[in-house]
Amino acid sequence: MRRFLPIAVAIICGLWVLADFFVSHPLIDSVGAKLLEGVMILAAFALFAGILNLLGFHARRISKDQKDWGYRLVLMVALGGTLIAGIVLPGSGALSWIFGYMYYPLQSTMAALLAFFVVSAAYRAFRLRNGEALIMLITSLVVLLAQLPFSNRISPYLPLLRKWILDVPVTAGTRGIILGTALGTITTSLRILLAVDHPYAQD
Amino acid sequence: MDAVLQLLVKLVPNSVDLAALGMLVLFLPLFIFFTMQAKSGKRFALREIPAFTRIRRLVSQSVESGQPIHVGLGSGRLGSESTAEAAMSLTVFDYVARHVAACDQDILGTTAEPTILASAQGILCTARKKAGFPESYAPTDLAFYGPEALAYAAGAAGALHGRPHLANILVGRFGSEGLWLAEATSSRVSAQVGGTSAAEGAALLWASMDEAIVGEEVYAAGAYLHRPSHLGSLATQDIMRIVAILAILVGIAMTSLGYW
Amino acid sequence: MSEVLSGLFGQLSTGTAEVIGPWVAALLTLAVLSYVFGFNPVFRLAEYLFVGLAAGYAGALAWNQVISPRLQLLLTDPSTYWYYGLFFFLGLLLLARAFRPLSTLANLPLGMLFGIGAALALGGALTGSLIPQVRAAVVSVVPEDYGPGLVGWAYALDAVLLSLGTIAVLSAFHFATQGRGFVSALWHGLIRALGRAGRVLLMITFGALFAGVAFTSFALLSSRLVYLAEHWFKLLNRLGL
Amino acid sequence: MIVCPACGHRTPEGAELCEACGRSLANFVYRVCPSCGALNSAQHVFCHRCFAELTLAEGEEPIPESTFVRPYTPPIVTLEEEVTTQAVHREAKAQASETGALPTSEALPGQTPSEAELGPRAAAPISEEQAVAPSMEGEMGETPASTEEALPPLEAAESPEVLGGGPVGAAGVETPAVQVAPPDETQALTPEAAANPLEGLDDLLPFEPAVTLPHRPSQHVSAAPSTTEDYEAELFQQVAVERAPLQEGAQVVLPRTAQGLPQIGRTILYILVLLAGVLPLFTWGQMSSFVQPRESVLALVRTIEELPSGAEVLLSFDYSPTYAGELDPLALAVVRHLARRSVRMVVMSTKPEGIGLAEAIYRTITEESPDYRYGEHYVLLGYLPGQEAGLRSLNTALGDAFKIDYLQKRPLGELSATSGLATLKDFDQIIVLSDDSLTVQRWVEQVQAQSDIPFHALVTSAVEPLLVPYQRSGQLLSLIPAASGAVEYELAGSVKPSALFRSDAYAAFFVLLLVVALVTNALYARRGKRGS
């Protein structure tokens with residue numbers, strides 16, 4: 001029963017939504033829409049489960065090894081404070097202050113760190129261990145050079161070359177990846193829908 | 001017969017949907033046939049994907065050295081279109097968790113998606129129970145950071161800070177945060193393996209991983225690791241790949257000759 | 001209670017908060033950029049703060065936009081919105097995962113998520129990727145269709161390369177290796193040769209995408225640095241320097 | 001199926017002697033996994049490969065756990081025998097690599113042919129069997145009592161104390177099978193063999209997934225170790241501390257720092273990136289005189305120049321704060337240009353945070369040109385939820401999607417900029433600023449394909465490569481990567497420059513990447529030369 005019920009729910013809900021995908025019928029459509037709304041609600045609850053896990057994880061670490069307790073406390077206070085600002089005091093301006101002066105600068109600067117990481121990844125990826133690395137190195141340097149605002153000045157053919165690279169080989173490459181991914185997605189979904197795999201049904 | 005057709009057209013008004021339904025009808029029997037074959041023990045040889053060989057070795061090494069592995073499960077939401085990719089990341093986690101649990105060793109899983117968290121907790125709990133160490137299970141062996149992608153990368157990098165981990169295994173949906181995480185932790189792990197299916201993320205992980213899994217290979221994880229029943233899926237994919245290639249070739253011929 | 005708090009905050013925000021704000025932002029930006037010198041305490045503080053804020057912000061959003069409005073609907077009109085009650089119940093079961101004795105209860109909502117997600121993924125992959133991408137790969141290779149003379153030939157060549165390239169990349173993912181017999185050897189030889197060409201195309205794709213991300217991330221860094229410079233510039237201005 | 005512990009040959013069930021090397025197989029019991037066919041040692045309850053439960057054969061008793069800590073008596077192998085078994089083993093391997101093809105029934109996914117032959121499934125039982133053997137022998141009471149006393153228990157030998165606590169890596173598992181030399185044999189070893197007891201054995205002891213051995217807490221022996229035990233512990237330690245002999249084809253796992261950058265190199269690299277970023281603050285746009293706008297930028301500038309004053313343009317700010325750093329400068333340049341041409345702008349977003357970012361940009365615009373007013377010249381509509389469905393609803397009636405505006409919360413009809421608008425078809429141009437390809441794809445499919453309004457996409461450099469096919473097909477009139485696009489646009493549209501000076505930074509960044517490519521390959525070539 002512990003495994004049967006979840007599997008049955010998965011199959012029924014899945015087939016219903018699949019039918020909704022292809023068939024337009026008032027009953028199927030309305031139940032399908034409700035199921036999709038249900039997914040949204042479940043995701044929201046899952047988020048709160050995740051937040052509890054985050055708090056529990058750090059509380060446990062604080063009590064267990066006492067290392068880094070300062071940082072962990074900052075995390076928990078920030079989390080709690082933002083939640084309170086958003087749920088208890090909506091419209092007080094507290095949330096928008098936090099967003100504008102703390103969250104936004106942190107987020108955009110964390111994203112800016114990618115510039116460092118891209119360069120250190122390039123240090124490894126640009127190493128010519130094999131032919132593949134050579135192709136990748138040449139393409140990325142050519143595309144980058146042609147991306148610069150003065151590429152036209154260096155050679156008028158440079159932007160054309162870049163456009164051709166993006167137009168033909170890159171389009172072929174991404175299309176191939178998308179098609180392959182679609183095939184993989186289809187079989188993986190079929191495995192779940194036909195209950196060959198049921199990673200959700202755990203003892 | 002006419003009535004059936006009419007009903008079909010009435011129920012499925014869109015031509016793309018009709019074509020898709022046709023594809024599904026083609027897929028389904030193949031899939032069922034090959035999966036049955038695989039379940040009954042039929043095997044076929046697969047090309048080597050070094051990343052999966054590496055994952056097997058890393059898991060053995062982790063068990064021997066006692067150094068935990070970090071498995072990054074990505075941000076594919078269960079219940080959305082990225083469910084399939086999320087399911088594959090859970091399959092990889094399942095593999096690592098079962099082997100690690102058999103020797104009662106530690107493991108760290110992180111994810112940016114709370115639905116994956118709940119699912120992975122169940123998998124780890126079962127693995128510990130089956131290995132005979134149910135008391136070793138802690139829900140906090142899995143950590144949720146996020147759901148913002150960069151917050152995930154930052155949080156997971158922080159979680160890896162205290163204890164040296166043997167490896168990063170990142171499989172699932174990753175964007176630029178995959179590169180962020182891999183590079184920020186690269187001095188603290190001795191190997192990084194992983195990949196994602198979307199082209200943008202795959203390019204970044206390809207550049208930063210020791211062994212990369214690219215595109216469709218993500219969906220082969222089960223067959224290459226510990227789920228022989230997934231071999232049926234791979235056989236189906238191979239056949240449907242050829243069908244797609246033939247469709248493109250026939251389409252080009254017809255278009256060029258002016259029939260379409 | 002909440003009115004008192006928000007009143008307090010309102011008074012603060014008109015005065016101090018708006019003055020402190022830019023400072024907090026600038027210092028946090030500097031703290032994150034201190035990563036240049038490795039994982040230092042200042043960066044780690046910013047890191048943990050960011051993780052906490054992100055989770056809290058998402059939680060507040062989920063409460064205000066998803067749960068709270070539906071909870072109100074359920075409480076005011078339970079006969080119409082009974083199904084919200086069902087979903088809330090399933091959601092609570094999801095929370096049970098954290099407690100070991102009740103852990104298995106979460107299987108039920110997860111089953112629903114997996115089932116619906118698989119259906120969406122299946123439908124999306126068929127109608128959103130497989131069919132449209134195959135259709136997009138079907139192009140004419142007749143030069144006359146693209147224009148007169150050399151231009152038409154150039155475009156036709158592009159079309160041939162594009163289609164062959166797609167096929168090559170697709171065969172690069174082929175999983176089976178050679179079985180028994182001559183036909184199989186021939187067939188797999190062909191696929192392998194195509195696949196090798198496909199790997200080359202994959203590398204070109206990765207190179208181009210990597211370059212794009214490199215440029216984007218550097219632009220982001222540049223923006224943060226310009227922001228910092230402007231902040232200090234404004235400050236110096238205000239001090240009359 | 002029985003796998004010979006010495007040579008790895010597979011002999012049919014029930015045989016008493018190995019077909020290849022003739023050793024006795026009396027003591028070896030295997031279980032074949034009912035679901036995947038893998039061979040498992042007798043003590044396994046679950047298959048080591050697929051984790052299916054292993055069913056007991058009829059009349060077979062589950063092996064009691066207590067047998068696992070019985071003293072270990074290794075099979076006695078003389079050196080001579082060992083050489084022959086190895087020869088057989090090598091021969092089999094050579095055959096496997098000659099044919100190249102994997103035997104279909106045994107092929108393991110993800111392994112080289114030689115590995116598949118000897119890999120985990122075949123290999124695991126070999127070394128494992130030697131560990132199981134004593135328990136079986138002990139059970140049958142065939143072991144002479146004297147050896148039983150003289151030898152240390154297996155578990156004790158495996159326990160970390162004996163290993164000196166050091167990290168042993170792969171050696172930890174392989175060696176238990178090596179320390180098997182029984183006392184009388186140890187004395188019989190020739191000096192060379194004693195110097196390196198592992199010599200020639202590496203083929204025999206493949207890299208084995210240790211997970212097949214269920215972990216049990218070690219049972220400490222209270223008795224003082226005998227001299228033989230001391231000798232063996234020492235020998236074992238020597239072996240364990242040495243680098244484990246790897247199976248052919250296995251990779252040496254180098255610490256990652258050895259392949260990549262050490263921390264100091266990393267710091268230097270990061271400082272260089274930072275310097276490239278701050279460079280324009282000092283040089284202040286030396287390179288900007290070289291900037292030459294490309295066709296796509298010029299096309300958008302021309303389009304906007306040709307718009308009559310009072311034309312309506314829809315702008316959608318579909319990006320998140322993460323990518324605001326790249327898209328904001330271009331958005332500012334385009335909005336400045338539109339404002340100069342006194343074009344009416346209607347602004348929306350399909351991402352929740354997007355409208356806030358738009359608000360910040362328009363605040364700058366109203367500061368710069370105070371007679372460009374909200375409501376009269378531009379209106380912020382707000383956030384449009386619902387992705388595809390939301391965009392589709394714009395096609396039918398704008399008023400359905402947005403009832404009131406975002407800033408003043410007034411009905412759209414009351415604001416002069418929006419009063420004449422009914423559907424999307426009333427717009428002259430649509431400009432979308434986006435940080436992901438999916439959003440632009442949705443706009444093209446749901447809006448552009450339905451209404452044929454001139455459509456422009458301004459995107460991050462990261463997603464631009466993915467959208468090029470839409471430009472080729474003519475669905476996107478212009479597709480501009482934002483970082484370089486902002487610099488070019490300010491020049492081409494001669495709007496107030498605020499990003500132009502960044503061209504120095506971009507040039508420096510390219511040079512930096514070029515240098516990185518050269519340095520990493522120079523170092524690599526040098527290391528390669530030194531290595532050979």
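Biologist: Let's start with Trp69(A): is this residue buried, exposed or partly exposed?

Modeller: Happy to begin there, bearing in mind that this is a predicted model. Trp69(A) is found in helix H3 of chain A. A residue needs 20 or more other C-beta atoms within 10 Å to be buried, and 12 or fewer to be exposed. Trp69(A) has 13 other C-beta atoms within 10 Å, so this residue counts as partly exposed.

Biologist: And how far apart in space are Trp69(A) and His58(A), C-alpha to C-alpha?

Modeller: In sequence, the two residues are 11 residues apart. From C-alpha to C-alpha, the distance between Trp69(A) and His58(A) is 8.4 Å.

Biologist: Let's turn to the contact between chains A and C. Which element gives the most to the side of chain A that touches chain C?

Modeller: The contact takes 101 residues from chain A and 99 residues from chain C. On the side of chain A, the elements that give two or more residues include helix H1 (4–22), helix H2 (26–65) and helix H3 (69–87). By class, this side has 72 nonpolar, 23 polar and 6 charged residues. With 22 residues, the element that gives the most is H8(A).

Biologist: Are H8(A) and H4(C) roughly parallel or roughly antiparallel?

Modeller: Helix H8 (residues 157–193) of chain A packs against helix H4 (residues 107–137) of chain C at an angle of about 150 degrees, and their axes are 8 Å apart. An angle over 145 degrees counts as roughly antiparallel. So H8(A) and H4(C) are roughly antiparallel.

Biologist: How many residues of that contact of H8(A) with H4(C) are nonpolar?

Modeller: The crossing of the two helices, H8(A) and H4(C), is left-handed. Among the residues of their contact, 5 are polar and 1 is charged, while the nonpolar ones number 17.

Biologist: Now for chain D: which element gives the most to the side of chain A that touches chain D?

Modeller: Here the contact takes 31 residues from chain A and 37 residues from chain D. The side of chain A has 20 nonpolar, 7 polar and 4 charged residues. Among the elements that supply at least two residues are H4, H6 and helix H7 (151–154) of chain A. Giving the most, with 7 residues, is H5(A).

Biologist: Where in chain D is the pLDDT below 50, with 227 contacts beyond near neighbours in sequence?

Modeller: Good one to ask, as chain D averages a pLDDT of 67, and 51% of the residues score at least 70. One stretch with pLDDT below 50 is residues 62–88 of chain D, which has 50 contacts beyond near neighbours in sequence. Where pLDDT is low, the predicted coordinates should not be read in detail. The stretch you want, also below 50, is residues 96–222 of chain D.

Biologist: I also spotted Ala195(A). What is the phi of this residue?

Modeller: Ala195(A) is found in the segment after H8 of chain A. With 18 C-beta neighbours inside 10 Å, Ala195(A) counts as partly exposed. Its phi is positive in a residue other than glycine, near 60 degrees.

Biologist: Last one, then: where in chain B does Asp104(B) lie?

Modeller: Asp104(B) has a positive phi too, near 55 degrees. Asp104(B) counts as partly exposed, because 17 C-beta neighbours are inside 10 Å. In chain B, Asp104(B) lies in the loop between helix H4 (83–102) and strand S2 (108–111).

Conventions. Residues are numbered from 1 along each chain as its sequence is written. Chains are lettered from A and ligands numbered from 1 in the order in which they are written. This is a predicted model: local features need pLDDT of at least 70, side-chain atom pairs count only at pLDDT 80 or more; totals for chains, interfaces and linings use all residues. Axes are lines fitted to C-alpha atoms, for helices over the stretch in contact, and angles run from 0 to 180 degrees between N-to-C directions. Helices (H or I, at least four residues) and strands (E, at least two) are DSSP runs, numbered from the N terminus. Angles under 35 degrees count as roughly parallel, over 145 as roughly antiparallel, 65 to 115 as roughly perpendicular and the rest as oblique. A crossing is left-handed if the near helix is turned anticlockwise from the far one by less than a right angle, and right-handed if clockwise. Ala, Val, Leu, Ile, Met, Phe, Trp, Tyr, Cys and Pro count as nonpolar, Asp, Glu, Lys and Arg as charged, and the others, Gly among them, as polar. pLDDT is the predictor's confidence in each residue, from 0 to 100. Two residues are in contact if their C-beta atoms, placed from the backbone, lie within 7 Å.
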